[in-house]
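Hi,

Here is the structure I promised to pass on. Please take a look at it first, then read my notes below.

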Amino acid sequence: MNVDQLSIGTTPTSPKQEAAPTLRIRALMLGDRINASGLELGPLVSSTPAAFRVHAGLAVIFRYGVVVLIGLLPSEEKVLIDSLKPRVIGELSPYEEETAQAQLCKDENAEAIQPGGPICLAKFSDDRLLLIADALAKSTSLARDERRVAAVFDVIEPFARKLAERGRTPPRRKGMLRLIGNALLVQQRVAGRVAVAEKPDVLWEKPELDRLYARLEDEYELKERLDTLERKLTAVSATANALTDIIDTQRSLRLEIAVVVLIVIEVAIGCFQIYTGIH
């Protein structure tokens, strides 16, 4: 890829020192899924994930609902996002978003990620930009899932507090089943669609870029966030299952009491009929 073509957002140069070219990278989670089948946005750069050269930049489409826009003008981004909306399943409002900057450095040995700063690359090659897109897309998706799990915790906490303080459980089992369903959806998404723990396909062809991807994983704390999310999901499922079991036990007890009462009533009616028949 031509560096001159991808110089969107380049810092103005000074007479003393020429600033390194920079690229603006923007990841947007548009919905639960994006159907990229038959999509044609421009010349194809990669099939997995679907990446296209658009104007002077790149657009990378991930099936789990994230699009990463690299080196595009805001007006170009809007047009592209509007064109993708008909292919979005479960559109979000507002979109989940993360941004980053890539900057040219002197050589491959100098490739690094400054804390809170730009991602330094030896060159703006397609392979390197795809790695950044992969890491940023996973980070954006994790942010959405982390919020969903936090919302489930907010619902479970009052139930658990009521059980601890009063020894009472929530009256409706349906609410607990919804919590379990939400936890399972997030778990399926993280393990299935997003596959945070899996490395991108480009590393199979370019193993020399493995160090760069490891730095990206560390910068966005992908493994740590995934482990934390999985522990929370386990806690949600265990808590919801425990509350559901308690509710089921209470229902079974009430049912047994109702059966005993009916038997007693039936016996009483029978005895009454026998007594009135004798007299």
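Predicted model: local features only at pLDDT ≥ 70, side-chain atom pairs only at ≥ 80, totals over all residues.

Overall layout. The chain has 279 residues, and 38% of them count as buried. Its secondary structure comes to 6 helices and 8 strands. Along the sequence the order is β-β-β-β-β-α-β-β-β-α-α-α-α-α. Among contacts with a separation of 6 or more, 68% join residues 24 or more positions apart. The accessible surface is about 15900 Å². Carbon and sulfur atoms hold 54% of that surface.

Cores. The largest nonpolar core has 47 residues. Val68, Ile70 and Leu216 touch the most other members. Helix α2, residues 126-166, gives this core its largest share, 12 residues.

Ile70 deserves a look of its own. Leaving out residues up to four places away in sequence, Ile70 touches Leu23, Arg24, Ile25, Gly57, Leu58, Val60, Leu129 and Ala133.

Rings. The count comes to 1 aromatic pair. Phe62 and Tyr64 form it, with ring centres 5.5 Å apart and planes at 35°. That pair is tilted, because 35° falls between the limits of 30 degrees for stacked and 60 for edge-to-face. Are these two residues buried or exposed? Phe62 is buried, because its relative accessible area of 5% is under the 20% limit. Tyr64 is buried too, at 4%.

Best wishes

Conventions
Residues numbered from 1 in each chain as written. Heavy atoms only, no water. Helix = DSSP H or I, 4+ residues; strand = E, 2+ residues; numbered from the N terminus. Buried < 20%, exposed > 50% of the residue type's maximum accessible area, 1.4 Å probe, protein only. Contact = heavy atoms within 4.5 Å. Areas by Shrake-Rupley, 256 points an atom, 1.4 Å probe, with all protein chains shown as cover. Phe/Tyr/Trp six-rings, centres within 6.5 Å; stacked < 30°, edge-to-face > 60°. Core = buried A, V, L, I, M, F, W, Y, C linked by side-chain atoms within 4.5 Å.
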